[in-house]
Amino acid sequence: MLISKKYAHDQQCVLYPGDCFKLIRSIPDESIDLTISSPPYCMGKEYETSTNYEDFISLHEKLIPELFRITKPGGSICWQVGFHVASSVVTPLDYLVYSTFGKCEGLYLRNRIIWTFGHGLHCQKRFSGRHETVLWFTKGKDFDFNLDEVRVPQKYPGKRSYKGSNKGRPSGNPKGKNPGDVWEIPAVNARHSEKTDHPCQFPHAIVQRLILSLTKPGNLVFDPFFGSGTTAAAAIVEDRRFVGSELNKSYYAIAKQRCEKAMSGTLVFRQHDKPIDEPNPATKVAQVPASFREVNKKL
Ligand SMILES: C[S@@+](CC[C@H](N)C(=O)[O-])C[C@H]1O[C@@H](n2cnc3c(N)ncnc32)[C@H](O)[C@@H]1O
């Protein structure tokens with residue numbers, strides 16, 4: 001499989017090194033099956049020039065009509081965003097995104113997925129942020145949802161129906177349950193097996209679950225802001241085609257390397273249905289230090 005830099009419909013993997021608007025101009029109407037992306041939040045990260053959420057809105061005002069144009073009827077757009085925070089004032093970006101997507105007639109919200117993770121910055125003046133969101137829209141009302149591809153194990157698979165014609169029989173689905181719209185998936189922190197030098201990677205598992213449930217092998221997946229290439233690599237692993245863009249040269253190089261690993265079957269990633277590790281009480285980090293007991297009598 002080859003990595004190309006220019007869009008052509010029959011390519012397996014297009015990594016465009018440049019501005020997403022330039023790439024989008026070369027993509028014909030109704031050619032993308034699924035867009036998954038996390039845009040710049042305009043928080044002054046190393047890859048951002050703005051700290052202002054008005055710029056976030058104007059970027060989306062320009063981008064969303066184009067995303068709608070290139071999406072196939074029945075195709076999906078999944079937009080992963082968190083919060084804009086300035087001086088402890090929090091603006092939920094999915095709220096802003098929803099207002100802008102809402103202007104596209106024929107685009108329907110199917111889920112507002114809460115992505116929750118156990119670790120992150122510890123706030124002193126408000127509750128620490130432990131979730132972000134993914135908004136899933138479809139173009140039109142006729143769309144496929146391949147639930148069986150992403151079922152997860154039931155907590156109590158032995159549960160039985162207590163009434164009706166199935167009384168006494170197992171009540172669950174032997175293939176597992178619907179994962180729901182609250183996804184507990186570890187964020188990519190410094191010790192995560194997927195961590196690269198990109199400061200804001202999203203986890204492979206989020207993208208994998210969306211690709212498996214919303215597309216079929218051979219379908220075309222798009223990410224206008226691919227960063228370290230998480231969406232691209234996940235698409236390759238699941239035998240889908242990919243097209244996307246990234247402005248920053250160092251991130252582009254990371255993404256290319258991850259795609260090559262995905263192609264050779266050597267990409268390391270955490271599967272979407274892997275349960276969260278329980279803390280091992282025998283480890284040193286799980287032990288309460290004596291100095292804590294002196295301060296906190298409840299321990
Ligand atoms: C939130 S990060 C995406 C991270 C990605 N989801 C990952 O897992 O690595 C947003 C990315 O968009 C890139 N970017 C910002 N403006 C862009 C533009 N106009 N065209 C293409 N890429 C852009 C930034 O360099 C940054 O890497």
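This is a predicted model: local features need pLDDT of at least 70, side-chain atom pairs count only at pLDDT 80 or more; totals for chains, interfaces and linings use all residues.
Ala, Val, Leu, Ile, Met, Phe, Trp, Tyr, Cys and Pro count as nonpolar, Asp, Glu, Lys and Arg as charged, and the others, Gly among them, as polar.

Residues are numbered from 1 along each chain as its sequence is written, and side-chain values use heavy atoms, leaving out hydrogens and water.

Stop 1: Select Tyr47 and Tyr251. Rings of Phe, Tyr and Trp (its six-membered ring) pair if their centres lie within 6.5 Å; planes under 30 degrees apart are stacked, over 60 edge-to-face and the rest tilted. Here the centres are 6.1 Å apart and the planes at 80°, so the pair is edge-to-face. Tyr47 sits in the loop between strand S3 (32-37) and helix H2 (53-70), and Tyr251 in helix H6 (residues 249-264), 204 residues apart. Helices (H or I, at least four residues) and strands (E, at least two) are DSSP runs, numbered from the N terminus. Are these two buried or exposed? Buried means under 20% relative accessible area, exposed over 50%, partly exposed in between (1.4 Å probe, protein chains only). Tyr47, at 29%, is partly exposed, whereas Tyr251, at 3%, is buried.

**Stop 2: two phenylalanines.** Now pick Phe101 and Phe137. Their ring centres are 4.4 Å apart with planes at 25°, so this pair is stacked. Phe101 belongs to helix H3 (residues 93-101) and Phe137 to strand S8 (residues 131-139). Phe101 is buried at 0% relative accessibility, and Phe137 is buried at 2%.

**Stop 3: a charge over a ring.** Show Arg209 and Trp183. Arg209 lies over the face of Trp183, at 4.7 Å from the ring centre. A charge counts as over a ring if NZ of Lys or CZ of Arg is within 6 Å of the ring centre and within 35 degrees of the ring normal.

**Stop 4: the lining of a pocket.** Select strand S9 (residues 182-184), which gives the most to the lining of the second largest pocket, with 3 residues. What is the lining made of? It divides into 8 nonpolar, 3 polar and 6 charged residues.
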